[in-house]
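Subject: Structure handover

Hello,

Please find the structure below. My notes on it follow.

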Amino acid sequence: MASNRLPNREKIAKGWDAFADVVPGDVAAAMGALGLEILSEEYGEVSARCPAHLERLGHEDRNPSFSVNADHGKFNCFSCGFSGRFAELVAYVLGVEHGQAVAWIRSKGTVAAVTRMYEEREPEPERKKISEASLALYVDPPADELDKRGIFLEAARKFGILWDPKHSAWITPIRDVSGRLMGWQTKSSGYVRNRPYGVKKSETVFGLHLTPPVPGTGVLIESPLDCAVLATFGVEYPVATFGAKVSAAQIALLSRFRRVIVWMDNDEAGWRSAEYVGWELHKRYTSVAVVTHEDLPWGCDPGGYKDADGNTVLLTSKQIHAQLERAMPFSLMRW
Ligand SMILES: [Zn+2]
């Protein structure tokens with residue numbers, strides 16, 4: 001992959017902002033160093049399998065949909081919509097902050113540096129180690145943010161839900177069944193990201209480590225944050241799958257409950273998921289009831305819904321308990 005591409009200074013001369021838009025001298029080589037397998041390099045586009053696909057769509061990118069422009073480093077996946085500038089790709093794949101991603105690109109940097117890289121391959125930067133100390137920068141969620149979602153602080157604390165003051169984002173720890181920290185999810189408006197990159201959240205169920213060895217009735221929902229909403233209203237064992245996609249491993253974990261009330265979102269993906277989960281648990285002799293969303297609008301979940309003006313409407317305690325009480329036995333559901 002000898003570089004006949006523009007050296008960085010010419011990119012800068014062409015008007016690329018060197019700081020905001022740092023591009024490696026050899027984009028394909030940098031992609032290789034990130035562990036992305038280069039599948040083709042044509043017409044100035046380097047294609048590979050999309051690294052964000054699994055997280056965004058729940059499956060690997062089988063028909064490569066992802067390409068990076070070899071000149072300006074912008075990337076795009078036409079299937080899942082993962083796109084941005086090269087530094088964002090580096091930050092995502094390595095699970096590092098933007099500044100570290102820029103430093104990493106600079107270390108590959110110029111054409112001269114790329115030549116040197118071929119002579120002595122630099123070791124990849126070490127991924128951040130995950131320990132409880134990783135959460136040390138985060139604080140209790142502020143009162144106004146808790147209010148917006150109808151969450152009591154004690155309920156947030158019960159689930160270890162925190163707040164990133166620097167990015168104004170919710171931090172939801174991802175723990176295995178024994179409570180060991182695997183990583184965490186960062187969530188702000190329209191943005192969800194998992195740390196570290198590739199954390200196997202589909203192998204655990206949020207909140208499960210807080211349930212006793214033989215728990216009675218669990219309430220299964222999609223969103224970890226909404227577990228704190230349900231706990232605020234006294235629901236005993238809310239657990240969450242991190243989305244509508246439920247894995248076989250999660251089904252196995254959920255079958256420890258004697259009974260599960262399935263409350264997936266009131267949308268197409270949620271209903272498909274409810275049917276799948278219900279059937280799988282039913283087969284495993286776990287008693288299943290399904291929340292019908294009667295009297296609740298389309299698009300609603302335990303965290304509420306948007307009204308016609310786009311304002312969030314929270315559910316009342318009465319509405320939440322009514323949904324749980326009226327949940328229909330799986331065998332009576334007509335799918
Ligand atoms: Zn993708």
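In which loop is P196 found? P196 is in the loop between β9 and β10, where helices (H or I, at least four residues) and strands (E, at least two) are DSSP runs numbered from the N terminus. The peptide bond that leads from R195 into P196 is cis, with omega near -10°.

Some conventions before the rest. This is a predicted model, in which local features need pLDDT of at least 70 and side-chain atom pairs count only at pLDDT 80 or more, while totals for chains, interfaces and linings use all residues. Residues are numbered from 1 along each chain as its sequence is written, and side-chain values use heavy atoms, with hydrogens and water left out.

Overall picture

The protein has 12 helices and 16 strands. Of its 335 residues, 48% are buried; buried means under 20% relative accessible area, exposed over 50%, and partly exposed in between (1.4 Å probe, protein chains only). Taking contacts (heavy atoms within 4.5 Å) between residues at least 6 apart in sequence, 57% join residues at least 24 apart.

The average pLDDT, the predictor's confidence in each residue from 0 to 100, is 86 for the protein, and 87% of the residues score at least 70. Residues 1–19 stay under 50, and the model has 35 contacts for them beyond four places in sequence. The pLDDT is also below 50 over residues 110–126, a stretch with 20 contacts in the model beyond near neighbours in sequence.

Sheets

Strands pair here if DSSP finds at least two bridges between them. β10 (residues 217–221) pairs with β11 in the parallel sense over 3 bridges, and I221 stands opposite A240 in β11.

A second open sheet has 4 strands in the order β6-β7-β8-β9, and its pairing is antiparallel. β6 (162–164) and β9 (191–195) are the edge strands, each pairing on one side only. From one strand to the next the twist averages 30°. β8 (residues 181–188) and β9 run antiparallel and are joined by 5 bridges, with Q185 opposite N194 in β9.

Helices

The axes of α4 (residues 86–94) and α5 (residues 98–108) come within 8 Å and cross at roughly 110°. That makes α4 roughly perpendicular to α5 (under 35 degrees counts as roughly parallel, over 145 as roughly antiparallel, 65 to 115 as roughly perpendicular and the rest as oblique). From α4, F86, A87, V90, A91 and L94 meet H98, A101, V102, W104 and I105 in α5. By class, this contact has 9 nonpolar, 1 polar and no charged residues (Ala, Val, Leu, Ile, Met, Phe, Trp, Tyr, Cys and Pro count as nonpolar, Asp, Glu, Lys and Arg as charged, and the others, Gly among them, as polar).

K108 is in α5 and counts as buried, at 4% relative accessibility. K108 and G25 are 83 residues apart in sequence and 7.3 Å apart in space, C-alpha to C-alpha.

In α9 (residues 224–232), 9 of the 9 residues are buried, D226 among them. Just after α9, G234 takes a positive phi of about 80°.

Most residues other than glycine have a negative phi, and most peptide bonds are trans. S168, in the loop between β6 and β7 (169–175), has a positive phi near 50° and is partly exposed at 44% relative accessibility. D295, in the loop between β13 and β14 (305–306), has a positive phi of about 70° and is exposed at 63% relative accessibility.

Regards

Key. Axes fitted to C-alpha atoms, helices over the stretch in contact; angles between N-to-C directions.
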